[in-house]
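Open the model in your viewer and keep the selection panel at hand.

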Amino acid sequence: MQRILFGDNQFFGVNHMSEEKARAQSMRFQHTQAVIDVLDAAYAEGIRVFMCTTHERIAEVCDHVRANPARYDGFEFYPCMPYAHKYANAVTEHGMLEALKLFLPDDGAIGALLKGGLSVARKDIDGIGQLLIDAEMKMFAGLKTPVIFLQNVVTDLLLGLGFKQAFRVFADHVKAKYGAEPGFITMNMPMLLDVLEEVAIDNPIICSNINKIGFRMCGGIDLYEKTVATRRFRPVAMSVLASGAIKPKEALEYVCRQSKIESIVFGASSRANIRQTRELIELLSDPRAAA
Amino acid sequence: MIRAGLIGLGKMGISHQAILHPHPDVDLVSVCDASQYVLDILNKYTGVNTFSDYRKMIEESRLDCVVVATPSRFHGEMVRYALEHGLHVFCEKPFCLDLQEGQQLVELAAERKLVNQVGYHYRYVETFRQAYRLLQAGVVGQVHHVRAEAYGPVVLRPTGSTWRSNKSEGGGCLYDYASHALDLVNMLVGSPSAVSGAILNKVFSRNVEDEVYASLHFADGATGQLAANWSDESHRKMSTKVTVWGVNGRLAVDRQECQLYLRAPVSGAVELPQGWTVTYTTDLIEPVWFYLRGEEYSKQIDNFVQAVQGKSAQVLSTFASALETDQVIHAIIAGAEVNPIAVGTQPGGAESPAKRGLFGLRTKGRR
């Protein structure tokens, strides 16, 4: 995994502090070119990973990168699936089972249709899960996706239900079909790690909020620090600034001090902010700086 | 450790299951749903006991409490059955489609001294708690107007085949969306005593309204406005906001922030300066034991569990407070049947002011 991962919340009007800021961002990024411009700035700053939801607009970014392979040499996507609102809204509109059928592939591939129908009828979670993963991955065809994440709403729903087998299905399928490493986004990192160990997912990649104020770190900040320091997994820190509640330097000092954290996700909308954050991470991650 | 059961495994039910199951003080013993398909999957992969008959579940599972998350038209009979069997009850919102039934259940729960809660989760959002504390302290002074808004992207096409698109089952924007905004009004400034100017409009739906507007009238002369629209795609997800105007300022609150403007500083129990004081959710939130989709969903369940264990004196959303919200909902439905006043009508006119309705408003569209 790369040290710095560029996130996408800012592009889709996600802000945990202010609806006005969120709306301003969604206006600014309503055209995909504006997203691409910021990604270009990130690329120019040496950032090579875009960690993004499988939002339908990301498909346009994928098309652009696919069309310009030379321009984006070495660029990787870490998809985070699924974009949950589309499922939640569909369940409200159509009910659970109809919504599920709606999202299984219907692109004319008769085999897939049959398999989907059979999987649904047999309550075969492996088959249904694989088809849903494939549907989400379609937009990344031909692009590099070395790590594929399960979004927190789904991870934590499965975790809460005790639907442990599903983590195994996800991990096995992304490895087998996409040659990718499975990652899990969660708001309940210590609890998830216990369960992933239980289903024998060794040294898992787990992305969770890790910030100085303990924002959305279920189990508490002390348990998070202890878990990061002492247990076998590959932590990725997100929401390190807690949506702007912590100043960048202070926020990154806290994260970089925990040497076992492998990667840091951050989002920004200007080249100046991207540079500032990258430089801070590099400076604070340098063992000489820590000494 | 309390033994819990869950009835109804739709979107809210599954969400409650995922929150109840990891709770350290809860043994989620059994779940119940009409869909054998969903039951089979949950039984096969999570091992929970499943029932397709809620009476059987309650009789056989030796439960302390039950969570009811079925379509609203079933709430009445299920909640009654659970209370009669001595179970504490958490019921999804809206509470009851029949006001009399709601009143009976409020009384039954009180008689049996059982914990009773309705899933108005916004009451547990920290920014709205903060607004409640500020308004209780009277920082904006005498309140003269409140605006409650709820917008979001639920029905965006002329389709829909679930109970949410059927009024008689408790569907529609009024029950689903506006109810949250109205419940917050009740919590923040008290329940209105009358409504007027009620509008229930269809945008895409055939059988239910997609937008709701109404004026609210409070006993002390304050007024309010409600605006709710679940066919608004400009919002990424449901967005609920309440703004309160008082003689000493204005308070606007949504789930992210609580913005307060004061004309004069406030001292006493709360010390606040003149001008803007903004509090963000990130300043207020305390971690919950398990997070699925917002702290408030976890907190309301935790509050219920603590109350069942006798550790918490009260819950923030009771049958009684939810019934008040149901009453406002019913008044809006009735109010929407009142004819509007035609443009061109002379104010005053032949009609003497004494004949006007409550609060000086005409209640019928007479020419």
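The model is predicted: local features need pLDDT of at least 70, side-chain atom pairs count only at pLDDT 80 or more, and totals for chains, interfaces and linings use all residues. Residues are numbered from 1 along each chain as its sequence is written, while chains are lettered from A and ligands numbered from 1 in the order in which they are written.

**Stop 1: a helix**

Select residues 271-285 of chain A. This is helix H13, with 15 residues. Helices (H or I, at least four residues) and strands (E, at least two) are DSSP runs, numbered from the N terminus. Which residues of H13(A) are buried (20 or more other C-beta atoms within 10 Å of a residue's own, C-beta atoms being placed from the backbone)? They are Ile274(A), Thr277(A), Arg278(A) and Ile281(A). Look down the axis of H13(A): the buried residues fall within an arc of 100 degrees (taken from the directions from the axis to the C-beta atoms), so they line one face. Now colour Ala272(A) and Glu279(A). Both are exposed (12 or fewer such atoms), on the face turned away from the buried side.

**Stop 2: chain A meets chain B**

Show both chains. Their contact (C-beta atoms, placed from the backbone, within 7 Å) takes 37 residues from chain A and 39 residues from chain B. Select H4(A): it gives the largest share of chain A's side, seven residues.

**Stop 3: two domains**

Stay with chain B. Its domain assignment, automatic or from a database, gives domain 1 (2-120 + 291-318) and domain 2 (123-284). Their centres, taken over C-alpha atoms, are 26 Å apart. The contact takes 12 residues from domain 1 of chain B and 11 residues from domain 2 of chain B.

Conventions: The expected span of a helix is 1.5 Å times one less than its number of residues. Two residues are in contact if their C-beta atoms, placed from the backbone, lie within 7 Å.
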